[in-house]
Structures are given as C-alpha cells and as structure tokens.
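Dear colleague,

I am handing over the structure below for you to look at.

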Amino acid sequence: MSFAMSNGYGLWLNYSKISDESMLKTYQNQLQSVLVEEGGETMGAIKKELKMGLGGLLGTEVRFKPFQASENQLIISKYAGLPRVFKEDINIDNLRGEGYMIKHVEKGGRSYVLVTGKEDIGLLYGTFHFLRMLKMHQPLASLNLEESPKVDIRMLNHWDNLDRTVERGYAGFSIWNWQTLPDYIDQRYIDYARANASIGVNGTALTNVNANALILTPQYLEKVKALAQVFRPYGVKVYLTARFSAPMEIGGLKTADPLDPQVIQWWKDKAAEIYKSIPDFGGFLVKANSEGQPGPQNYGRTHLDGAKMMADALAPYQGTVIWRAFVYSEHDADDRAKQAYSEFVPDDGKYPDNVLIQVKNGPIDFQPREPFHPMFGAMPNTPLMMEFQITKEYLGFATHLVYMPKLFEEVLESDTYQKGEGSTVAKVVDGTLSNKRLTGMAGVSNIGTDANWTGHPFGQADWYGFGRLAWNPSMSSEKIADEWLRCTFSNDKDFLKPVKQMLLESREAVVNYMNPLGLHHLFDTSHHYGPGPWVDNLSRPEWNPVYYHKADEEGIGFDRTKTGSDALSQYAPELEEKFGNLETCPEEYLLWFHHLPWDYQLKNGRTLWDGLGIKYQEGVDQVREMITTWETMKPYVDEYRFNQVSMLLGIQLKEAKWWRDACMLYFQTFSKMDFPKEMESPENTLQYYKSLKFPYAPGIRPQWD
Ligand code: BDP
C-alpha cells in the first residue's frame with residue numbers, strides 16, 4: 001500500500017476497491033449506471049463523490065446516464081424529479097428537509113436503488129450513507145430505510161487561533177491558513193467539508209471561544225467568505241466566535257455595554273455586513289464572562305441582556321446565537337460545579353427564539369467522567385445545546401487511544417428525571433422531551449494539520465462518532481465503532497471483534513488510570529498533560545486540583561451533599577436521593593459527591609484506599625490488554641498505521657503508570673497506608689513526579705490552570 005493510501009488522510013472515506021470478489025460482482029451488477037438529478041452545486045458534489053467513491057470501490061468508471069428501463073441503476077433524485085414509474089413506490093412525507101430515503105425497487109425485471117428526499121442536501125447525506133453501506137459490504141436487495149437528523153445544528157467548534165495555534169489541539173496547527181485565504185483554497189478545506197457532510201455535521205465555528213475580535217474585520221471576513229463558499233455545497237454553515245468587547249476593540253466605541261444604543265447598532269451593522277457576503281452565515285458562538293473573557297457582566301448586565309442584544313442583530317437573517325454556559329467566577333465562593341446553573345436557570349424561558357444555550361456535558365470541565373450537567377434537567381423552556389469535547393484535553397491528548405463516543409453515549413443516556421423516568425439527556429438535546437424550537441450539539445474539534453487530521457489514527461473515530469451522535473443522539477457507540485472500523489480498516493470479523501472491544505473498553509481504562517471513583521481535575525497546571533494532584537498555588541482556588549479532591553488525613557472527595565456544597569440539590573429529587581445516599585450512589589461517582597474516610601468500605605468489602613489503588617492498577621492493566629490485542633492485528637492493518645498505533649499505545653502505557661504512581665504516592669502522604677497488594681510498586685518517587693515540567697506541551701495556555 002502506498003504512503004498516500006495508508007497515512008489516514010482519507011479518513012473513513014477511503015474508497016479502495018472492494019476486496020471481496022462476490023460482493024464486488026453483486027454491486028457491479030446492481031450499479032450498471034447511475035442517474036443523478038441535474039441541479040446546483042450540491043448535486044455537483046454528489047456526482048464528484050460518486051465518481052470517486054463508486055469508481056474506487058467498484059474499480060470501474062461510473063456511467064452517469066438518464067433513466068434506463070433496461071439497466072440496473074442507482075437513482076439519486078429529489079422526489080419531484082424521480083422518474084414517474086417510481087413515484088407510487090415512495091412516500092417521503094415523514095422526512096425532514098435534510099432527511100433521505102434509500103429504497104430498493106424492482107421494475108420491469110430490473111433492479112433500482114433510489115436515494116431520494118426533499119432537498120439536495122438530503123440527497124448528499126443519502127449518497128454518503130449509500131457509499132458507507134458498500135464499504136461495509138451490506139446487501140442492497142431489500143433496502144428500505146429512512147433517515148432524518150434528530151438535531152438541527154450539528155457543529156464542530158474549532159478552538160483555532162488566527163496565528164494557527166490551536167487551543168487544546170494536539171494534531172498540529174489549525175487547518176485554516178488565514179495567510180493564504182481567500183485566494184488559495186487548500187484541498188483540505190474541501191475534504192473537511194466532505195468528511196463532515198458524510199456524517200451529517202452541518203455547522204462549523206471556525207475560531208476559538210477565547211475570541212479575537214479581528215475575525216470580525218473586513219480583512220478576515222473576506223477569508224471567512226471563501227471558506228463558506230467551499231463548505232456551502234456540503235451543507236456546512238460557518239459560525240464565528242464573537243468577542244463581546246469587539247465594538248471597542250475594532251469598532252472604536254468606548255463601551256461594549258449591551259444596552260448602549262451605539263453598541264446595539266454596532267452589532268446590527270456588523271451582522272448586516274456579514275450577511276451581505278455570507279447570506280447563509282450561521283451565527284455567533286459566545287464565551288462571555290468566563291475565564292477572563294469580556295461579557296455583559298462587565299457593565300452590570302446579565303447573560304440574558306448580552307444574548308438578547310446579539311440575537312436581535314442576527315434575527316433579521318435567521319442567524320443563531322449560541323451562548324455558552326461555561327461560566328464560573330473567582331469572586332463566587334460557591335462550588336464551581338453549581339455556578340452555571342445558578343446563573344442561567346432563573347432565566348429559563350426568557351431567551352429569544354434564536355438563542356441556544358450551549359452547556360458542557362458535565363458541570364466541571366470535560367473530565368474523563370462527570371455526572372451530566374444539572375442544567376440539562378432544569379431548563380425545560382430554553383433550548384440547550386450539548387457541548388462535548390472531541391479533542392482529548394483531559395483524556396491523554398492525541399497520544400492515548402480513548403474512544404470518545406462511549407463517553408458521549410453515557411452522558412446522552414443519563415436520566416435527568418425532568419419529567420419522570422426516561423427523561424434522558426438525549427431527549428433534552430433532541431428536543432423531544434420539551435418540544436424545543438431549536439436543537440443543537442457541538443463538539444470541540446480534534447482536527448489539525450497532521451497528515452491523518454487527528455494525530456492518533458483512532459482520533460478519527462471520535463470526530464466520526466460525534467457526527468453520528470449529533471445526527472441521532474440515541475445511536476449506540478458500539479454500532480458507531482463497528483461502522484468506523486469497517487470503513488476505515490477492515491470488514492474482517494477477526495479484526496472487528498477484538499478491536500471493537502478494545503475501543504469500547506478504552507474509555508473506562510482512562511477513567512481508571514486518571515480519575516477513578518469520581519475523582520476529577522487532578523491535572524497539572526496550564527497544559528493539563530499528566531497528573532498534578534498536589535497543585536495548590538494557583539491564584540484562583542478552583543484552578544487547583546486540591547480544590548477538587550480535598551484529600552486530607554481523614555479522607556478524600558468533594559462533599560456535594562447537603563452537608564457540603566449541596567450541588568446535588570440541582571438535580572431532580574430522584575437523583576439527589578440516589579447520589580446522596582452512599583448505599584445507592586454508583587461508585588463511579590463516589591468521590592464526586594462524597595468526602596469519605598480512607599478506610600471507608602467499598603461494595604467489594606475493600607477499603608476506599610485499597611479500592612483506589614486497585615482501580616489505578618486496573619487502568620494500567622487495561623492498557624496492557626490493548627497492547628496485546630493490537631499486536632495480533634498486524635495482518636489487517638497497513639504497516640504505517642499499525643506501527644503508529646503500537647508506538648502510541650506504548651506511550652499510553654507509560655503515562656498510565658505515571659498517573660497511577662504520581663497520584664497514589666501523593667494520596668499516600670495523607671492516607672499513610674500501604675499500597676494494596678494488587679498494585680505494582682511505583683517506578684519513581686513523588687518528588688520526581690512533582691519535579692516534571694512541560695513548558696512546551698501542545699495546546700498549552702500558559703496563563704491558566
Ligand atoms: C477549558 C480549557 C480552556 C477553554 C475552556 C472553555 O482548558 O482552554 O478555553 O475550557 O471551554 O477546559 O472555554
């Protein structure tokens with residue numbers, strides 16, 4: 001295999017020829033020719049994809065033809081444009097605009113596969129689905145499926161800076177080359193759009209939430225316009241992060257007060273300017289009054305005031321404001337986990353129609369495991385957008401194999417009990433629980449300039465899985481893993497079974513070796529690479545790991561029950577009861593909600609101290625098992641990626657041990673107990689681990705926690 005084919009650039013869309021001879025013959029026979037309805041640029045994109053996709057998979061040139069009564073054909077057309085003979089076989093009433101139907105129909109002794117829908121974009125999605133089926137060697141004979149997205153806005157959030165560094169990016173630099181835009185259109189932009197369309201992603205916020213106002217100047221908007229043009233045929237709308245103080249920084253105003261008439265006018269004019277050149281501009285993503293970012297509170301106003309002002313500016317153009325709920329203040333002595341809820345929930349139902357509140361999956365910050373964010377159960381009258389982090393800031397960067405859809409699935413399946421049992425986060429996000437007017441899911445991108453886009457070859461699965469779950473938040477992570485593995489590597493069951501298993505277990509492994517039993521935010525300063533549970537000297541209390549684990553001679557954990565911060569009261573009574581009671585609190589959340597003595601007895605009869613050591617060890621052992629599994633996969637994977645993954649797993653093992661040893665040695669200074677017999681002895685001293693410094697770790701924010 002050539003370097004170009006095996007370096008992973010082709011993602012799950014690599015279209016090498018189907019190797020199973022009989023499958024290939026069946027497909028070739030079915031796809032004698034292809035009819036693609038004439039139309040605009042999206043139809044053009046479909047044709048291009050088919051040329052590449054079908055051509056590659058079948059190993060023959062694609063024959064585009066009008067309707068043939070004497071050939072087996074693939075027909076891609078909106079319902080209105082279907083050859084008349086098929087119309088009675090099809091009913092697309094239930095499809096949403098972006099939805100599609102794929103159906104096999106026999107007519108006059110011939111066999112047809114119809115990909116149809118209401119809009120061009122639905123046909124593009126259907127085309128990608130059809131190509132995926134071929135890649136997965138699925139039979140076409142009795143095909144009859146309908147698909148519509150369950151969520152309206154399915155977007156990536158790039159934390160990309162204008163200097164091309166990526167905050168919390170571990171796969172190279174930003175793929176947006178602002179210097180050469182708008183004139184130079186990198187092929188990557190097109191492939192990025194293709195990849196997103198293939199999984200239904202329909203929006204992208206190009207810039208960091210820690211925003212730079214320059215992106216809103218004419219010089220940059222021209223570049224944004226060029227990207228929007230590339231993405232448009234693929235149904236991907238562009239959004240920008242709006243720095244709240246932009247009217248001052250680039251507008252020359254003296255204030256950014258959202259109630260000031262000049263400020264209001266400035267945003268209105270800015271919106272008009274943007275929509276003039278990008279008529280389908282998606283809207284603004286805003287991080288305000290969070291971690292030093294400016295916002296309405298600088299002027300004594302509220303998040304609601306700020307969101308309203310921007311919403312008014314975008315409303316004439318159907319633009320959306322995505323206002324982030326990731327807020328916590330150094331002036332608020334209350335538990336950080338409680339602060340977003342306290343600021344936003346009282347205003348439930350007051351936000352304008354074109355505002356979505358974007359809420360991180362958990363109440364702290366993208367940790368390996370968190371209970372779901374209580375806001376999801378508490379704002380029935382406000383559209384809440386899910387924010388996941390695809391990039392693995394707190395899960396081992398791009399060097400660890402951790403299958404993120406498993407984490408996403410766990411959150412989406414969580415029950416908020418908002419309207420009784422079964423009120424899952426998925427139903428809140430897709431709007432079915434409270435019939436929301438606008439729905440959305442965002443994923444903080446893990447994409448960069450690395451040859452394979454995501455650094456770790458398996459990081460692609462996280463991008464893929466995010467898109468699939470945004471399309472359908474009830475999809476199982478196992479099915480997603482199956483699809484991705486088949487499309488990316490092989491359909492061989494001797495490969496699929498063990499590697500799928502490895503993916504599905506990898507998330508628990510990282511929880512075990514980093515943050516077991518409900519521990520969280522033990523990460524070292526600024527870069528979040530590796531353990532720093534001892535850090536206690538940062539200016540803001542809630543930036544220090546000691547704030548979260550609260551280890552002392554008595555025990556460890558954050559008491560969030562009534563005797564502590566009472567964060568539990570932000571959940572439904574059923575959950576408050578369940579998590580608050582030590583008998584019923586799942587052990588995976590134990591130290592998230594409770595401060596417990598070192599000799600507290602776990603369900604298996606062991607002490608909490610032993611249990612911690614055993615979990616850390618289990619995480620290390622799970623990585624060893626991943627290595628053993630991978631070693632036997634050589635026959636199914638090209639040499640290049642096989643070696644890449646092998647080396648990365650080696651690093652993962654080293655770092656898993658580092659986490660175990662550093663954390664257990666540090667906690668031992670409080671527990672004063674021997675390590676459990678199941679745990680291997682630490683390889684170095686606590687002093688050594690404390691001495692490690694990483695001033696140039698990727699994605700670093702030097703001024704921060
Ligand atoms: C934190 C990251 C920081 C982000 C912040 C956010 O460390 O870089 O800016 O989240 O989401 O987890 O705004």
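A crossover is called right-handed here if, with the strands pointing away from the viewer, the path from the first strand over the helix to the second runs clockwise. Helices (H or I, at least four residues) and strands (E, at least two) are DSSP runs, numbered from the N terminus.

This is a predicted model, in which local features need pLDDT of at least 70 and side-chain atom pairs count only at pLDDT 80 or more, while totals for chains, interfaces and linings use all residues. Residues are numbered from 1 along each chain as its sequence is written, and side-chain values use heavy atoms, with hydrogens and water left out.

By that definition, strand 10, helix 11 (residues 336-344) and strand 11 form a right-handed β-α-β unit. Strand 10 and strand 11 (residues 355-360) run parallel and are joined by 4 bridges, where two strands count as paired if DSSP finds at least two bridges between them; Trp323 has Ile357 as its bridge partner in strand 11. Strand 10 also pairs in the parallel sense with strand 9 (residues 283-286), over 4 bridges, and Ile322 in strand 10 is the bridge partner of Leu285. Between strand 9 and strand 10 the chain passes through helix 10 (residues 303-314), and this β-α-β crossover is right-handed.

As for burial (under 20% relative accessible area is buried, over 50% exposed and in between partly exposed, with a 1.4 Å probe and protein chains only), 5 of the 5 residues of strand 10 (residues 320-324) are buried, so the strand is largely enclosed by the rest of the structure. In a regular strand the side chains alternate between the two faces of the sheet. In strand 10 both faces are covered, with Thr320, Ile322 and Arg324 buried on one side and Val321 and Trp323 buried on the other.

The largest pocket holds about 840 Å³ of space, and of its 32 lining residues the closest to its centre are Asn14, Tyr15, Ser16, Cys487 and Thr488. Helix 15 gives the most to this lining, with 3 residues, and helix 1 (3-6), helix 3 (41-58), helix 6 (187-199) and helix 15 (477-488) each supply at least two.

Lastly, Ser277 lies in helix 9 (residues 261-277) and is partly exposed, with a relative accessible area of 25%. Its C-alpha atom is separated by 44 Å from that of Gln28, which is 249 residues away along the chain.

With best wishes

Terms used. On a 1 Å grid over the protein atoms alone, a cavity is a set of points where a 1.4 Å probe fits but cannot get out, and a pocket is an open set with protein on both sides within 12 Å along at least five of seven lines; lining residues have an atom within 4 Å of a point. Grid points are joined across faces, edges and corners, and a volume is the space filled by probe spheres set on the points.
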